[in-house]
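Please provide a report on the structure shown below.

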Amino acid sequence: MRKEQQRLVQDIAAGAGKITVLTGAGISAESGIPTFRGPEGYWTVGSKVYQPQEMATFHMFCQMPDEVWKWYLYRMGVCGTATPNSGHLALVAMEHFFGDRFTLITQNVDGLHLRAGNSLPRTYQIHGNVFHMRCSLECTEQVYPIPEAVLPKNKEESLTDTDREHLRCPNCGARSRPHILLFDESYNEHHYHFYSSLSVARQTALLIIVGTAGATNLPNQVAREVYRNNGVIVDVNIEANTFSQLAQSSQHGFSITGSSSTVLPALLEILTGGTL
Ligand SMILES: [Zn+2]
């Protein structure tokens, strides 16, 4: 980072404006979690291979609920064995430092930010969380942890009767579903913080975008809202992407090419003036 860029973010840190961090798959990739939008998300049922965009739909859940649950329980296993990296930890320290000025908006469903120590009220999991479930009939808006009796699956294992018994809505007994925003569903406020994300974006003085290329709708709207309100956008990514272009075209914004596990601790140091 150049000197004037460092001074710029330090001035924002010394002010009263909101500091918002938007994260995507890149930060989790450094903990060994593959992007399930790619080949890692392909799923074989019988002789047919499904793409993630076909599996992760409510339509598929209605047709083959056991298979969709198996796929998510496999992902839950992958996410459960991963551990937060130094990028996640830097964001925990950032939240401690800035308190209510800090919001973390994450597209990741792996729960790593919460496990690292970020607080639930300030962490907007806008695509859900793979360790949680809710009623498939929406009898209640309540979200429940997946019961411990339901174990992660490898690709060959089938759902057991015990799994089926526990993957039920505790309120009405209907089948539960993964607490995940599926490809054929829309954002809403209650489950995915749609309006609160946009509201935070409007008040954001500094938006740090980490490891995401802007493929999904709400992150794009958040970034554009900050841009429109003349907030400073800093993009952290291992390669150029639509957000790095947006950052560079925003007033005083810039992009940092590098891995989030090294860039975020360095950025934290600059933002907090070494007083941690
Ligand atoms: Zn229910």
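Arg202 counts as partly exposed because its relative accessibility is 45%, and Glu225 is buried because its relative accessible area is 13%. In these terms, buried means under 20% relative accessible area, exposed means over 50%, and partly exposed lies in between, with a 1.4 Å probe and protein chains only. Arg202 and Glu225 form a salt bridge, with their closest N and O atoms 3.7 Å apart; a salt bridge is a side-chain nitrogen of Lys or Arg within 4 Å of a carboxyl oxygen of Asp or Glu. This pair links distant parts of the chain, 23 residues apart: Arg202 belongs to helix α10 (residues 194–202) and Glu225 to helix α11 (residues 217–228). Helices (H or I, at least four residues) and strands (E, at least two) are DSSP runs, numbered from the N terminus.

## Basis of the model

The model is predicted: local features need pLDDT of at least 70, side-chain atom pairs count only at pLDDT 80 or more, and totals for chains, interfaces and linings use all residues. Residues are numbered from 1 along each chain as its sequence is written, and side-chain values use heavy atoms, with hydrogens and water left out.

## Other salt bridges

The structure holds twelve salt bridges. One of them joins the side chains of Asp100 and Arg122 at 2.9 Å, N to O. This pair links distant parts of the chain, 22 residues apart, with Asp100 in the loop between α6 and β4 and Arg122 in the loop between α7 (112–116) and β5. Asp100 counts as exposed because its relative accessibility is 59%, whereas Arg122 is partly exposed, with a relative accessible area of 24%.

Within helix α5, Lys70 and Glu67 lie three residues apart, about one turn of the helix. Their side chains meet in a salt bridge of 3.7 Å, N to O, and both Lys70 and Glu67 are buried. A network of salt bridges links Asp66, Asp161, Arg164 and Arg175.

## The parallel sheet

An open sheet is formed by six strands in the order β5-β4-β1-β9-β10-β11, and the pairing is parallel; two strands pair if DSSP finds at least two bridges between them. Its edge strands, β5 (123–125) and β11 (254–257), each pair on one side only. Neighbouring strands of this sheet are turned by 15° against each other on average, direction ignored. Axes are lines fitted to C-alpha atoms, for helices over the stretch in contact, and angles run from 0 to 180 degrees between N-to-C directions.

Strand β10 (residues 232–237) pairs with β11 in the parallel sense over four bridges. Val234 has Phe254 in β11 as its bridge partner. Helix α6 (residues 86–98) packs on the sheet and touches β1 (18–23), β4 (102–106) and β9 (204–210), its direction making about 150° with that of β4. Contact means heavy atoms within 4.5 Å.

## Nonpolar cores

A nonpolar core is a set of buried Ala, Val, Leu, Ile, Met, Phe, Trp, Tyr and Cys residues joined through side-chain atoms within 4.5 Å. The largest has 29 residues, of which Met55, Trp69, Tyr72, Leu73, Val130, Ile146 and Leu167 touch the most other members. At least two residues of this core come from each of β2 (43–45), α4 (58–63), α5 (65–81) and β6 (128–135). Helix α5 gives the most to this core, with eight residues.

Not counting residues up to four places away in sequence, Ile146 touches Trp69, Met76, Val130, Phe131, His132, Met133 and Leu167. Another core, of 27 residues, lies apart from the largest one, and Val9, Ile19, Ile27 and Ile208 are among its members.
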